[in-house]
Amino acid sequence: MTELFDTAVTSLLHLPEVLDRLAAADGDRCSGGHHAAHQHGHARVHGLGGGGYGGGAPVDIVETPGDYAFVVDVPGLSKSDIQVTLEEDRVLVMKGGSGKRKREEEEEGEGCRYIRLERGAAPRSFARKFRLPEDADTGGVAARCENGVLTVTVKKLPPPEKKTKSVQVAIA
């Protein structure tokens with residue numbers, strides 16, 4: 001009877017983590033995988049989804065005259081926990097976190113067990129993808145993480161020069 005009770009209690013203690021994972025997976029499926037950042041009603045940077053294990057992290061996208069900035073809160077993640085890559089077809093990918101709680105060895109020592117785990121997986125994992133606009137310079141991507149905030153900056157290409165073409169008018 002005691003063993004059955006311990007198993008039931010352990011299962012209930014992990015229920016919040018299981019529900020979080022299910023909600024994140026359901027949100028990815030239902031979102032259709034399309035988000036967009038708009039400036040004055042015109043789509044400029046198209047999200048390809050908030051997917052990945054742990055769900056998407058909210059991202060602020062800022063456009064300035066010289067670049068695009070993607071700002072993500074990543075509390076508890078170190079520089080080594082974060083990956084920023086650029087895939088083919090101008091897709092910016094930001095990933096981070098393991099999704100598993102790191103428990104200290106002394107906490108799990110002899111005769112020690114967790115009674116309740118409410119804090120979830122800390123730090124939480126995330127994965128976001130964004131298709132960059134045509135004027136983004138894929139060679140000018142920089143990322144920095146400071147005080148739990150990841151900022152990825154993508155430089156803009158200079159606008160193409162406007163060329164005027166003279167057309168001769170034929171006299172008929």
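This is a predicted model: local features need pLDDT of at least 70, side-chain atom pairs count only at pLDDT 80 or more; totals for chains, interfaces and linings use all residues.
Let me begin with Asp89, which sits in the loop between β5 (82-87) and β6 (91-96), where helices (H or I, at least four residues) and strands (E, at least two) are DSSP runs numbered from the N terminus. Residues are numbered from 1 along each chain as its sequence is written, and side-chain values use heavy atoms, with hydrogens and water left out.

Asp89 is not a glycine, and yet its phi is positive, at about 65°. For context, most residues other than glycine have a negative phi. Asp89 counts as exposed because its relative accessibility is 60%, given that buried means under 20% relative accessible area, exposed over 50% and partly exposed in between, with a 1.4 Å probe and protein chains only.

A second residue of this kind is Asn147, again not a glycine, with a positive phi near 55°. Asn147 belongs to the loop between β8 and β9, and at 76% relative accessibility it likewise counts as exposed.

β8 and β9 (residues 149-156) pair in the antiparallel sense over 7 bridges, and Glu146 has Val149 of β9 as its bridge partner. Two strands are taken to pair if DSSP finds at least two bridges between them.

Which strands make up the open sheet, and in what order? There are 4 of them, in the order β3-β4-β9-β8, with antiparallel pairing. β3 (59-63) and β8 (136-146) stand at the edges with a single partner strand each, so one side of each is left without a neighbour in the sheet. From one strand to the next the twist averages 15°, with axes being lines fitted to C-alpha atoms and angles running from 0 to 180 degrees between N-to-C directions.

Turning to the protein as a whole, its secondary structure comes to 2 helices and 9 strands, and from the N terminus on the elements run α-α-β-β-β-β-β-β-β-β-β. Of its 172 residues, 26% are buried. Among contacts (heavy atoms within 4.5 Å) with a separation of 6 or more, 62% are between residues 24 or more positions apart. Finally, the accessible surface is about 12,500 Å², with 54% of it belonging to carbon and sulfur atoms, as computed by the Shrake-Rupley method with a 1.4 Å probe.
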